[in-house]
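Colleague: I'm new to this one. Could you walk me through its aromatic rings?

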Amino acid sequence: MDRDVTARQVRLLGDVLGRTIADVEGEDQLVLVERVRALAKAHRSGDEAAGDELTELITSVPVDEARVLVTAFAAWFRLVNLAEDQGLVRRLVVDRQRNAAAGAAAFPESLGAALDQFIAAGLDADQAAEALDQLSVRLVLTAHPTEAKRRTTLTKLGRVADALRDLDRADLTPEARHATEAFLAEEIASLWLTDETRVRPPTVIDEVRNGLYWVDAVLFDLVPRIYRELADAYAAAYPDATPLETGRFLRLGSWIGGDRDGNPNVTLAATEATWREQQQLSIRLLRRSIDRLHAHLSVSERRGTSTQLATRLDELRGLHPRSAAHVEDRYPQQPHRQFLALVYRVLLATEEHAAEPWRADHRRSPTRYGSAAELVADLQLLRGSLREVGAHAIADGRVRDLEVQARVFGFHLVTLDLRQHAARHRDAFTALYRRYGEIDDWASLDEASKVASLVGELTSPRPLVPALIDLDDDARTTFELFRLLRRAHERLGPDACDTYVISMTERASDVLAVLAIARDAGVADQLDVVPLFETVDDLQRAPEVMAELFALPVYRDHLAARGGGQQVMIGYSDSNKDGGYLTATWQLQRVQRALAAVAEEHGITLTLFHGRGGSIGRGGGPANAAIRAQPPESVGGRLKLTEQGEVIAARYRDPDLAHRHLEQVVHATALTTLPGRRPVTSPRLDEVLDVCAEEARAAYRALVHDTPELVAYLHEATPVDAIAELNLASRPARRTAGTGIEDLRAIPWVFGWTQCRVHLPAWYGVGAGFHAWAGEDDDRWRELAELHDGSPLLQVTLANVSMALAKADLTIAADYASLAREEVRDAVLPRLIAEHDRTVTALQRITGHGPSDGDAELDEVLRLRDPYLDPLHAVQVRLLARLRDGSGADADEVRDAVLVATNGIAAGLRNTG
């Protein structure tokens, strides 16, 4: 039934899009689009003549018609994605209804299901509350350039999604349905007439606003719902227990505006502007929530108030007498309503102050909130008073939601992480010591000497840098950033930023350098200094580095000031680009276990920060399954992970799907607090995967790092160069000016291979690794199958490989390869084909099925989408060839059409980088 509804919506959207093309571009262009569509479908059904005609037609169309073609198919995919999302929502609603009707205890992977497992594990109410008190989930939004859609487009798509949701309503009258369909036609016409590509790269603040859009539109109101559901699930599981009062177990973070690694546009001014933007939006959203509550608090004065609330109400009246007179006149004999109205007035004063420049002489004033904690205290007074007069339902409903919003989002909205490359800190110390005439080249010292000098600084009372920093611009900015951080803490509190991530951490000195700068700026006790281990070699070295740090008294003192906890970030993207998917996955698993053991040995509470991307090659895939596959001891109820690029839009565009994602993540994390969790590995699995991963790495590096033609192939046979012109992000595609694979960021690396349908980062080397261990030995292949059946890690890993291989199409890849020089193509393409076949064979022998065979839904999605993707790929290849032949008069038009095709392919595959 649901598939029929989705199919009807797809047909409706297709019809409206077709009418739009005819109205705007002309009937002849619609005829062209329909002809291409029909030929592509016939070719996918096995009609070779149709394929030849399609190729001839696409090759012959002029650029302006090619642009109409790619725009049409790109728009179709964007609209179909919305219909499919709405179908997922319908299925989710139906599944929940069936679950409830069947009398099941809780919906699978919900918070209620987590509490059911607590009971099954034998936890009593106190033990469950203690376990949940450990719970800490932080999702960190990032601005990596994997979101190909502009915010303008996202907003329009959001309105189309709202219309589709309205069309699902059973009570919709014929007149309302007609009006909604007319609205759809208007929005789709507006989408068609809006430029698909940006005329300029977004600024950092553009990216900040894009990220905050999802907080405003969905997450600010959704997060308190998750808090309420956990409390309700606990009450249902333990009805006689005291109601659960959780801490801030679910929080949001962001790198947008704070990630400086390789991005010269994230200046000090940009980071300050980011904090100000977040502060102002947070206060506006809190005011929005209060606006919704005003009429809700009309509790009569006859019911009384608590003594504490009455005292605070008198205080607020004295601070804002004009406002007090107004609210008393407007809400007579309604003290709770008056109180909330005056809280609103204090928030207004806070917002007005937030708009002023950040000055060094920041002073507190009783007429405004000095911190979000003061607002929370007022809301707690309000809840307490409502409870005292018997209004429990009101106190524990939307008023509690408002209190949760104030506690979780505060005045900072999302906690901004700062990130910088370790080399920048080394350069800053080199410049500093040279300026002082103490050490001429600090960066060239051996590790022991660096550590000794930094420990000396950390134990010395002397300032590290003078008040006026007279160093070169890069060094000065590195030190000034921490002074800006201090001002942010003064204005917004420590939640403004509590994490400083060090990219490409190699040694203990990389961490100590940042700690020394933070101590000098007076923020060390409010800051987690977080090493990020990215390459395979760095991951292998990570436990040794952390053990060295934990053994240093000066670092132990820092951790004690931070509550005995240590964050460590592990990178999925660069480790994959360095060693391939299987190697990176296994090394990440190994390092998590080793880091957990080191932390336990030293009595440190470890939080692992997972730098996961959206694509399989960057750690993507279903989040709930990925969390369950982690070593339980490495999570222990604490999880921090990045939400990147197109993943943000895919997960948070619809409130119901966003809710499902959040409850699944919290559910999986909560289960890691249970005692006696089954290990996700075994000595034999370790032994086998050690060999397979090493062999996979050798095969991967032989192609990616040791084949000179690979770089040329990437530039000639994929659209990676065009991607640099998509104006996707404020950050350059390369960390440095080099042209090698190591200089290219992981995101365009994955994006390029995705566009040409190779998906290399998600599978290359996997087949070689398993074949090297098992060879022609049937017993070994059977053992691999048995290990797979008993290992959540192998199950998730090979499911992701299967998904990537299902989306790969080496026939299309060969079409892109025709763009490359013959010697380049011959050096790479046959090896891609051979390893693809090896990996498919390994997948079949271990899991019992090939790509997509075990996933009927994915197979159906690809079957429906491929005929529409084929023309996009074909047009993109022909346009790339034309673009590379020379810069004719229409070069700009050709380039624009290439970029539209790139966006369309990303939408069709539902992932980019």
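Modeller: Here is a short chat about ring pairs and charges over rings in this predicted model.

Colleague: How many aromatic pairs are there?

Modeller: The count comes to 19 aromatic pairs.

Colleague: Why is the pair of Phe 220 and Phe 409 called tilted?

Modeller: Their ring centres are 4.7 Å apart, and a pair needs centres within 6.5 Å. The planes sit at 40°, while stacked needs under 30 degrees and edge-to-face over 60, so the pair is tilted.

Colleague: What makes Phe 220 and Phe 409 tie parts together?

Modeller: Phe 220 belongs to helix H9 and Phe 409 to helix H16, so the pair links parts that are 189 residues apart in sequence.

Colleague: How do you know whether Phe 220 is buried or exposed?

Modeller: Buried means under 20% relative accessible area. Phe 220 has 0%, so Phe 220 is buried. Phe 409, at 0% too, also counts as buried.

Colleague: And why is the pair of Tyr 227 and Phe 249 called tilted?

Modeller: Their planes are at 35°, with ring centres 4.2 Å apart, so that pair is tilted. Tyr 227 is in helix H9 and Phe 249 in the loop between H9 and strand E2, so the pair ties together parts 22 residues apart in sequence. Tyr 227 counts as buried at 4%, and Phe 249 does at 1%.

Colleague: What makes Arg 780 lie over the face of Trp 773?

Modeller: The distance to the ring centre is 4.2 Å, and the cut-off is within 6 Å, along with an angle within 35 degrees of the ring normal. Lys 450 lies over the face of Trp 442 at 5.5 Å.

Conventions: Residues numbered from 1 in each chain as written. Predicted model: local features only at pLDDT ≥ 70, side-chain atom pairs only at ≥ 80, totals over all residues. Heavy atoms only, no water. Phe/Tyr/Trp six-rings, centres within 6.5 Å; stacked < 30°, edge-to-face > 60°. Helix = DSSP H or I, 4+ residues; strand = E, 2+ residues; numbered from the N terminus. Buried < 20%, exposed > 50% of the residue type's maximum accessible area, 1.4 Å probe, protein only.
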